[in-house]
Amino acid sequence: MLASGEQTGHPCGRWALVNGRLILPREVVVGKALVGEGDKIVGVADLDALGDEVERIDVGGRTVAPGLVDMHTHGALGHTFNEPTAEAFEAITAANAAHGVTALLATVATAPIPALVQCLEAARAWMPPLPSPPRAGGTGGGIGGAQVLGVHLEGPYFNPAQKGAQDPAHLRVPDDGSPAVLLEHAGVLRVMTFAPELPGALELTAACAARGIVPAAGHSAAQDTHVLAAMRLGLRHAVHLWSGQSSTVREGPWRKPGLLEAALAYDELTAEIIADNRHLPPTLMRLAYKCKGADRLCIVSDATAGAGMPEGTRFRLGGVECQVQDGVGMLLDRSAFAGSTTLLNRMVAILVEAAGVLLVEAVRMATLTPARIVGLDRSKGSLEPGKDADVAIFEDDLPCGAR
């Protein structure tokens, strides 16, 4: 539980958070208590129904939300998950926890196959139910790190025409035999993003789906025919709409829809947006929301090593040098964005303030929806009975007047 930069909690017995605004999956509730026992949520109760044995924790009118779930985040504070070190994982997970993100997928960008394997092996040590390494703040209080739920492998099977900030030196095609090496780590991989038009991509789609890995489309020049063929084999998700994605082109008089239009049109595909008010202006955020709705569209930070760093800071994404400019990650030649420098809590507020999304739906897009996309909604993503007590208490991060 996070409150104004401090971690609170009750390691055993029954507890209740009182005097807060509770963000439930479909409504905002005031005047009630969130009750838990140990590390599980029991439910929402009337204040006069709490027994004397329950420890009451007064949150001072703050907003009580499910812990945010970021399924696409590369790093923060000068580090990325492409660094298979405890120092990098500690820094990134602690930075996220301090901003209300209690669970994430360690997102790894394009790199040589041996380096990707190292990252997958490093992430395994940070996943439950294995013992957690020491986290920032220690075990005696302070903020621990966000839980690593697995890896989102973003690359290396991308179309060079839509590479964005992915390292072009290490892009590959999925029929070169290398996916077999990565799929040996299916217990760590939660999401694998690739371009569905590449040779071998259909086989990779089927292989991911068979192993319980979410096949996702991205950094792609596909036409909708490629996307539909992959959907028939299990393609389920499209990453960062409008970023690294093909759109409609004309061939003579004929319009050929791209990945973007397919992602917006088909309910079988979930999708994500980077809601930092840099990658997408409010009109495009609203369009994605209207097309997909809060149950099929999630928000992701796509944060890089530049998150939490001052303007002008240089950082690397894989082998590509980037810089924090104008509140976003940017290639040095300013030809493309290089991920965001904004963490997920601020993006919830941007959706409400800039795109007009109701707070309860903006929170759902950062909690229950991503948890459902990666198949973890039975334990994560909402303040419902039986779920993990991943609770974020926000003071001024979220719009107080929103409903």
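Reader: Leaving aside its neighbours within four places in sequence, which residues is Thr304 in contact with?

Author: This is a predicted model, to begin with. Beyond the neighbours within four places in sequence, Thr304 is in contact with His74, Gly75, Ala76, Phe315, Leu317, Ala338, Gly339 and Ser340.

Reader: Where is Thr304 found?

Author: Thr304 sits in the loop between β21 (297-300) and β22.

Reader: And is Thr304 buried or exposed?

Author: Thr304 is buried: its relative accessibility is 1%, and the cut-off for buried is under 20%.

Reader: How does β22 pair with β23?

Author: The two strands are antiparallel, with four bridges between them, and β23 takes in residues 320-325. Leu317 has Val320 in β23 as its bridge partner.

Reader: What about the turn there? Which residue takes a positive phi in the hairpin of β22 and β23?

Author: Gly318 does, with a phi near 65°. The hairpin has two residues between the strands.

Reader: New topic. Which strands does β9 join?

Author: Strand β9, residues 63-66, runs parallel to β4, residues 21-23, and two bridges join them. With β25, residues 391-394, β9 runs antiparallel, and here there are four bridges.

Reader: Which residues are bridge partners there?

Author: Leu22 is partnered by Val64 in β9. Thr63 is partnered by Phe394 in β25.

Reader: On to Met71. Where is its place, and is Met71 buried or exposed?

Author: Met71 belongs to strand β10, residues 68-73. Met71 is buried, since its relative accessible area is 1%.

Reader: What is Met71 in contact with, leaving aside neighbours within four places in sequence?

Author: The contacts are Leu105, Thr107, His152, Val191, His237, Glu272, Cys298, Val300, Pro370, Ile373 and Val374.

Reader: And how far apart are Met71 and Ala106?

Author: They are 35 residues apart in sequence, with 7.7 Å from C-alpha to C-alpha.

Reader: Now a helix. Which residues of α5 are buried, and what do they pack against?

Author: In α5, residues 224-231, the buried ones are Asp224, Val227, Ala229, Ala230 and Met231. The buried residues of α5 pack against α4 (201-210) and α6 (259-265).

Reader: Let me step back. How many helices and strands does the protein have?

Author: Ten helices and 25 strands. The radius of gyration is 21 Å, close to the 22 Å from the globule rule for 403 residues, so the protein is as compact as a globular protein of that length.

Reader: What box do the C-alpha atoms fill?

Author: Along the principal axes, the box is roughly 70 × 45 × 45 Å.

Reader: How much of the protein is buried, and what share of the contacts joins residues 24 or more positions apart?

Author: Buried residues are 57% of the 403. Among contacts with a separation of 6 or more, 68% are between residues 24 or more positions apart.

Reader: Last one. What about the surface and the charges?

Author: The accessible surface is about 15,500 Å², and 51% of that belongs to carbon and sulfur atoms. There are 33 positive and 44 negative charges, and their mean positions are 6 Å apart.

Notes:
Residues numbered from 1 in each chain as written. Predicted model: local features only at pLDDT ≥ 70, side-chain atom pairs only at ≥ 80, totals over all residues. Heavy atoms only, no water. Rg over C-alpha atoms; globule rule 2.2 N^0.38 Å. Buried < 20%, exposed > 50% of the residue type's maximum accessible area, 1.4 Å probe, protein only. Contact = heavy atoms within 4.5 Å. Areas by Shrake-Rupley, 256 points an atom, 1.4 Å probe, with all protein chains shown as cover. Lys, Arg positive; Asp, Glu negative; His and termini not counted. Charge placed at Lys NZ, Arg CZ, Asp CG, Glu CD. Pairing = 2+ DSSP bridges.
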